[in-house]
Amino acid sequence: MNIISANGHPEAFQMVETGRAVAFRNGRHSPLQASPPQSRTPGDYAISAEALSVEPYGIMLRKDDVAFKKVVNAAMTNIYKSGQINPIYEKWFQKPIPPKGINLNSR
């Protein structure tokens, strides 16, 4: 197997479309999932239903801001414990996203 890198999702999908690569690997909910529906021949592509890994979500913040990190961690813990994460997740990962109506959950 030869592993080649790409400069982002559009280039990686183009490599698959043009035959320069046979597959592309990335996280489950990524712009890559929007690529097949935007292709001229979306039926030619499939996204594996099998997860290659489980990757937690992350939030980027300033490295040395301990107080802010504490606030963010507390807020995220509350969002998950309260169930508020469910409609957020549904909105961004299970429904079409404007303006192009791309559904990242499509398979």
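Trainee: Is lysine 95 buried, exposed or partly exposed, and what's its relative accessible area?
Mentor: Lysine 95 is partly exposed, at 42% relative accessible area. Buried is under 20%, exposed is over 50%, and partly exposed is in between, using a 1.4 Å probe and protein chains only. Bear in mind that this is a predicted model, where local features need pLDDT of at least 70, side-chain atom pairs count only at pLDDT 80 or more, and totals for chains, interfaces and linings use all residues. Residues are numbered from 1 along each chain as its sequence is written, and side-chain values use heavy atoms, with hydrogens and water left out.

Trainee: And what does lysine 95 form a salt bridge with?
Mentor: Glutamate 90, with the closest N and O atoms 3.3 Å apart. A salt bridge here is a side-chain nitrogen of Lys or Arg within 4 Å of a carboxyl oxygen of Asp or Glu. Glutamate 90 is partly exposed as well, at 34% relative accessibility.

Trainee: How many salt bridges does the structure hold?
Mentor: Two. Besides the one between lysine 95 and glutamate 90, aspartate 65 pairs with arginine 62, and their closest N and O atoms are 2.5 Å apart. Arginine 62 is exposed, at 56%.

Trainee: Switching to confidence: where is it lowest, and where highest?
Mentor: Lowest in helix 2 (residues 35-38), with a mean of 62, and highest in helix 3, at 94. That's pLDDT, the predictor's confidence in each residue, from 0 to 100. The chain averages 80, and 80% of the residues score at least 70.

Trainee: Which residues are buried in helix 1?
Mentor: Ala12, Phe13, Met15 and Val16, in a helix that spans residues 9-17. Seen down the axis of helix 1, the buried residues fall within an arc of 150°, so they line one face. The arc is taken from the directions from the helix axis to the C-beta atoms.

Conventions. Helix = DSSP H or I, 4+ residues; strand = E, 2+ residues; numbered from the N terminus.
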